[in-house]
Amino acid sequence: MSAPLPDLRLYLVTDRAMTAAYGLVPTVLDAVAGGVGIVQLRDPEADDDELVRIGRELHAALAGRVPLLVNDRVHLVEAIGAEGAHIGQHDLPADQARQVLGPDRLLGLSVQTVAHVEAARELGPGVVDYIGIGPVWDTATKPDAARAGGPAHTAAVAAASPWPSVAIGGINLARVPSLRHTGIDGISVVSAICCAPEPRRAAEELLAAWTR
Ligand code: TZP
Ligand code: MG
């Protein structure tokens, strides 16, 4: 059995450049104080040593308040002491990632289509814990992201999923209402929090809009 599922209602994915001025750790801690329930450390630019250093620092600062997941680099989860990993369609296959993580850590998988959900289903239970669906809207944060699917497509993918789901990509306060009836369990954001002048307030507002 995997770890109990975290609170997916507001999911923060980090960005190095966007948090450079205020600092990654202060940004994340403020966001958690504002209601973020799970954090993914995403830093494609960092080499492995650097990511371990950053991840350990962030994990220590979080002090168990919320789970920390590592983007893509499943092999670094143990060294960081993180609660799990989040992988995409072009990373280590989910069944292999689960083998590396063992049964007790969290594994999230990015999907773009119903076919991706079906493929993950074929791996059987106990592999994936939740899915991330996106991008919902075009976003400058991930220039190599797949084409935006929009809310209706997000709803179709969520409906096909046996796992809880979060949506990602271009989500901001104004767009939260259009996701409310898509059947997803939470919203996942990068810039809406990492670029906010007050990350805590941004998180509070996003969570309030989502749970309204
Ligand atoms: N995966 C799909 S879109 C995306 C990721 C990591 C970036 C989302 O960033 P933002 O700033 O919330 O649009
Ligand atoms: Mg990836």
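Tutor: Helix H1's buried residues are covered by elements including E1, strand E2 (38-41), helix H2 (48-62), H7 and H8. Helices (H or I, at least four residues) and strands (E, at least two) are DSSP runs, numbered from the N terminus. This is a predicted model: local features need pLDDT of at least 70, side-chain atom pairs count only at pLDDT 80 or more, and totals for chains, interfaces and linings use all residues. Residues are numbered from 1 along each chain as its sequence is written, and chains are lettered from A and ligands numbered from 1 in the order in which they are written.

Student: How many residues of H1 are buried?

Tutor: Seven of the ten, so H1 is mostly covered. A residue is buried if 20 or more other C-beta atoms lie within 10 Å of its own, exposed if 12 or fewer, and partly exposed in between, with C-beta atoms placed from the backbone. In H1 the buried residues are Leu24, Thr27, Val28, Leu29, Asp30, Ala31 and Val32.

Student: What follows H1?

Tutor: Gly35, whose phi is positive, near 120°.

Student: Now H8. Which residues are buried there?

Tutor: Pro199, Ala202, Ala203, Leu206 and Leu207.

Student: Different topic. Where does UniProt put the "binding site"?

Tutor: The unreviewed UniProt entry places that feature at Asn71, Ser110 and Lys142. These residues span 72 residues in sequence, yet no two of their C-alpha atoms are more than 13.3 Å apart, so they gather at one spot. UniProt positions are given in the numbering used here, feature names are shortened, and annotations may be inferred rather than shown by experiment.

Student: Is Asn71 buried or exposed?

Tutor: Buried, because Asn71 has 21 C-beta neighbours inside 10 Å. Asn71 sits in strand E3 (residues 68-71).

Student: Why does Ser110 count as buried?

Tutor: Because Ser110 has 23 C-beta neighbours inside 10 Å. Ser110 belongs to strand E5 (residues 106-111).

Student: What does Ser110 touch?

Tutor: Leaving out residues up to four places away in sequence, Ser110 touches Gly88, Gln89 and Gly132. Two residues are in contact if their C-beta atoms, placed from the backbone, lie within 7 Å.
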